[in-house]
Amino acid sequence: MKFVLSQDYKIFRHCMIAARKEAKLTQQTLAKSLKKPQSFVAKYENGERRLDVIEFLLVTRVMGVDPCDILRKVEQGISKASCEEEV
């Protein structure tokens, strides 16, 4: 089992988990709405698989979240992390 562990992808995963929780969805309820097994959500949240762009858009739609908002948060997190590395 290979994990996707780049720092940037960790930031993305954190933002996706936060968005799901803010939407008051469990992995199970989100997966059911996506017509996927719960393991689909668990695997992208724990880094076992990546979401492609189409999957990302579908997940954000089901969560009721603007995908641009998540991407902004990811970009801000990456910028913050890179600034901290420079210090």
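Trainee: Before we start, what do we need to know about the model and the numbering?

Mentor: This is a predicted model, in which local features need pLDDT of at least 70, side-chain atom pairs count only at pLDDT 80 or more, and totals for chains, interfaces and linings use all residues. Side-chain values use heavy atoms, with hydrogens and water left out, and residues are numbered from 1 along each chain as its sequence is written.

Trainee: Good. Which residues of helix H2 are buried, and where do they lie around the helix?

Mentor: Helices here are DSSP runs (H or I, at least four residues), numbered from the N terminus, and H2 covers residues 27-34. Buried means under 20% relative accessible area, exposed over 50% and partly exposed in between, with a 1.4 Å probe and protein chains only. Gln27, Leu30, Ala31 and Leu34 are buried.

Trainee: What covers the buried residues of H2?

Mentor: Contact here means heavy atoms within 4.5 Å. The cover includes helix H1 (7-22), helix H3 (38-46) and helix H4 (53-63).

Trainee: How are H1 and H3 oriented to each other?

Mentor: Axes are lines fitted to C-alpha atoms, for helices over the stretch in contact, and angles run from 0 to 180 degrees between N-to-C directions. These two axes come within 8 Å and cross at roughly 135 degrees. Angles under 35 degrees count as roughly parallel, over 145 as roughly antiparallel, 65 to 115 as roughly perpendicular and the rest as oblique. H1 and H3 are therefore oblique.

Trainee: Which residues of H1 and H3 make that contact?

Mentor: By class, the contact has 4 nonpolar, 1 polar and 3 charged residues. Nonpolar takes in Ala, Val, Leu, Ile, Met, Phe, Trp, Tyr, Cys and Pro, charged takes in Asp, Glu, Lys and Arg, and the others, Gly among them, are polar. H1 gives Arg13, Met16, Ile17 and Arg20, while H3 gives Val41, Tyr44, Glu45 and Asn46.

Trainee: How far apart in space are alanine 19 and isoleucine 70?

Mentor: Alanine 19 lies in H1 and is buried, with a relative accessible area of 7%. Leaving aside neighbours within four places in sequence, alanine 19 is in contact with Met63, Val65 and Ile70. Alanine 19 and isoleucine 70 are 51 residues apart in sequence, yet their C-alpha to C-alpha distance is 7.8 Å.

Trainee: Is lysine 35 buried or exposed?

Mentor: Lysine 35 lies in the loop between H2 and H3, and its phi is positive, near 60 degrees. Most residues other than glycine have a negative phi. With 76% relative accessibility, lysine 35 counts as exposed.
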